[in-house]
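Reader: I've got a fold open on my screen and a few things I'd like to ask. Can you walk me through it?

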Amino acid sequence: MSGFGIMGNIHATMVDIETGERKVWTAQNTITSGGLSFLRDFLAASVRTMGTEMLISGAPLPPTYIALGSGINGGAWQASRFMTVVPGEHFRGSIATRDASGQSVIFHAHYSSADGNGPAGTGMTIGAYGIYAGNASNAPAYPGSGTLFAVAREPVPFGKRTSNTIDIDWTITVSGKL
């Protein structure tokens, strides 16, 4: 009997653009039930041919945004496969590139010194991350839009200010036994 697994890890690097100081964080993620349903829907998409081209219909859009959140949702929380939004989500940035390697896909996002700083650049605590697929939007009026594919809790929440940039590499790996 074969088994199938999916897991992910986040590698975040924050750079102070004034001093050059670098801080690095890593966290494991939890694939949500929405993420598993996303994979099911992708596998169930219809394929038809038109001449020499294959057209896929009904397949969900791949991950397009990585969200940052405070992690605050009224109390302590643990990443759960039943989550649909990033706790305290306050900023969502586009995935810049995707790299497939082996059985993994690495999603890269960059947050400039102007991104995710809170009102008037006062700073924002980052205690949670989420990767969104499907019909996601980055507009502040649509928090939780799209499918929360995976969520992660930052073990040591940190502050993001206008003097910081953040790079996130989110690796999703599938595995199986024959």
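Reader: First up, is Tyr 111 buried or exposed?

Author: Bear in mind that this is a predicted model, where local features need pLDDT of at least 70, side-chain atom pairs count only at pLDDT 80 or more, and totals for chains, interfaces and linings use all residues. Residues are numbered from 1 along each chain as its sequence is written, and side-chain values use heavy atoms, with hydrogens and water left out. Buried means under 20% relative accessible area, exposed over 50% and partly exposed in between (1.4 Å probe, protein chains only). Tyr 111 has 1% relative accessibility, so Tyr 111 counts as buried.

Reader: And which ring does Tyr 111 pair with, and in what geometry?

Author: Rings of Phe, Tyr and Trp (its six-membered ring) pair if their centres lie within 6.5 Å; planes under 30 degrees apart are stacked, over 60 edge-to-face, and the rest tilted. The partner sits in strand S6 (residues 89-94) and Tyr 111 in strand S8, 20 residues apart. The centres are 5.8 Å apart and the planes meet at 70 degrees, so the partner is Phe 91 and the pair is edge-to-face.

Reader: How many aromatic pairs are there, by that rule?

Author: One of them is Trp 25 with Phe 158, whose centres are 3.8 Å apart with planes at 10 degrees, so that pair is stacked. Trp 25 is in strand S2 and Phe 158 in strand S10, 133 residues apart, and both are buried. The total number of aromatic pairs is 3.

Reader: Which residues have the most contacts inside the largest nonpolar core?

Author: A nonpolar core is a set of buried Ala, Val, Leu, Ile, Met, Phe, Trp, Tyr and Cys residues joined through side-chain atoms within 4.5 Å. The largest one has 25 residues, and the elements that give it two or more residues include strands S1 (3-16), S9 (124-133) and S11 (164-177). Those with the most contacts inside it are Ile 66, Tyr 129, Ile 131, Ile 168 and Trp 170.

Reader: How many residues are in the other core?

Author: It lies apart from the largest one, and among its members are Tyr 65, Met 83, Ala 136 and Val 151. The number of residues is 9.

Reader: Now the charges: which residue forms a salt bridge with Glu 89?

Author: A salt bridge needs a side-chain nitrogen of Lys or Arg within 4 Å of a carboxyl oxygen of Asp or Glu. The structure holds 2 of them, and one joins Arg 40 and Asp 41 at 2.8 Å, N to O. For Glu 89, the closest N and O atoms are 2.9 Å apart, and the partner is Arg 92.

Reader: Over which ring does the charged end of Arg 92 sit?

Author: A charge sits over a ring if NZ of Lys or CZ of Arg is within 6 Å of the ring centre and within 35 degrees of the ring normal. Arg 92 has 5% relative accessibility, so Arg 92 counts as buried. Its charged end is 3.7 Å from the centre of the ring of Tyr 132.

Notes:
Helix = DSSP H or I, 4+ residues; strand = E, 2+ residues; numbered from the N terminus.
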